[in-house]
Amino acid sequence: MGQTIAAFIDKYGIGLYIPRVHITDIIEVLILTFLIYQIIIWIKNTKAWMLLRGIIVLAGFILLAAIFKMHTILFIARNSLTVMATAAIVVFQPELRRALEKLGEKQFLTSVVPFEQNREIRFSEETREDIIRACFAMGKVKTGALIVVEQAIRLTEYESTGIQMDCLVSSQVLINIFEHNTPLHDGAIIVRGDRIVSATCYLPLSDNMGISKDLGTRHRAAVGMSEVSDALVITVSEETGAVSVAQGGELTRSINEAELRVKLEEVQHKSSETNRIKAMWKGWRKHAKKNN
Ligand SMILES: Nc1ncnc2c1ncn2[C@@H]1O[C@H](COP(=O)(O)OP(=O)(O)OP(=O)(O)O)[C@@H](O)[C@H]1O
């Protein structure tokens, strides 16, 4: 049998290049796999995936131009490549800086290998009911609140703008956080699964001109956050006590308990990927429309 295989290789394998694999080659492949994996995670967790999407569309366009031999487009593409790369670096400078800062952190090794057991876990019914209870209790006494319920897109960059926490969601804790004149009441909290992971977070403000003028920055921040992620953002107005929800760049104002429950149930059970793509697509379209 062995001889047959050897004879077969001798006969048909002539001219084939069979590389010798050394231990260093294996280590190199492992290092590259690890680095590529980390870059993919970084892209997924930041706005960089939008850039990636843009690059894919652009690459498709250039491919079509190459197939149909559109020389002018190819010439422009070739010559603007360096400019585009520089522009991307400038636009994504905050994300790149944060990624490099992370490299310098002490707990880098423990955090870079993301054993993300909780990644896809949706929040429990207790969490859902506690959020509803807290929002309407705060509404009754006109305590302002801003709660970001994270979905498939990891909100790491917004989380880091606030004070890191690791606390099980409960209505009492939520009410306590947003109590006036307490250190954590300002800004937003981020809820991941059943836990509050950060408080006093700063969210991106929406530049949507359609947002009612009687709403201030809390509601604008809620819409802004929902434009750049698939998160469900709940606000409690300090002025009116009304509870509103922002998702996919849309703000649904003054909802009641049952409506908030439906909204939370939707994100609790929907497929994360479908949800993410739908919400992002909606947000992106609104943004594109606005800019046209
Ligand atoms: N970019 C932001 N990120 C997170 N929280 C924000 C942001 N901007 C404002 N806030 C929160 O909103 C509060 C100010 O709310 P403001 O009165 O301007 O908004 P509003 O939409 O009118 O809400 P309300 O009806 O509660 O008054 C701030 O104290 C802060 O807690």
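**View 1. The hairpin of β5 and β6 in this predicted model.** Six residues lie between the two strands of this hairpin, and among the features here is G241, which takes a positive phi near 80°. Strands are DSSP E runs of at least two residues and helices are H or I runs of at least four, both numbered from the N terminus. β5 and β6 run antiparallel and are joined by four bridges, with V243 in β6 as the bridge partner of V236. As this is a predicted model, local features need pLDDT of at least 70 and side-chain atom pairs count only at pLDDT 80 or more, while totals for chains, interfaces and linings use all residues. Residues are numbered from 1 along each chain as its sequence is written.

View 2. Five of the five residues of β5 are buried, so the strand is largely enclosed by the rest of the structure. Here, buried is the label for a residue with 20 or more other C-beta atoms, placed from the backbone, within 10 Å of its own. L232, I234 and V236 point one way from β5, while V233 and T235 point the other way. β5 also pairs with β1 in the antiparallel sense over five bridges, and L232 is the bridge partner of V149.

**View 3. The open sheet.** Follow the seven strands in the order β2-β4-β3-β1-β5-β6-β7, and you will find mixed pairing; two strands pair if DSSP finds at least two bridges between them. At the edges sit β2 (163-168) and β7 (250-252), each pairing on one side only. Neighbouring strands are turned by 25° against each other on average, direction ignored. β7 pairs with β6 (residues 243-247) in the antiparallel sense over three bridges, and L251 in β7 stands opposite A246. Helix α7 (residues 125-140) packs on the sheet, touching β1, β5 and β6, and its direction makes about 30° with that of β5. Contact here is C-beta atoms, placed from the backbone, within 7 Å, and axes are lines fitted to C-alpha atoms, for helices over the stretch in contact, with angles from 0 to 180 degrees between N-to-C directions.

**View 4. The shell around the ligand.** The ligand is surrounded by 17 residues, the closest being G216, R218, A221, S237 and E238; a residue is near if its C-beta atom, placed from the backbone, lies within 6 Å. Helix α10 (residues 217-228) gives the largest share of this shell, four residues.

Technical notes. Contact = placed C-beta atoms within 7 Å. Buried ≥ 20, exposed ≤ 12 C-beta atoms within 10 Å, placed from the backbone.
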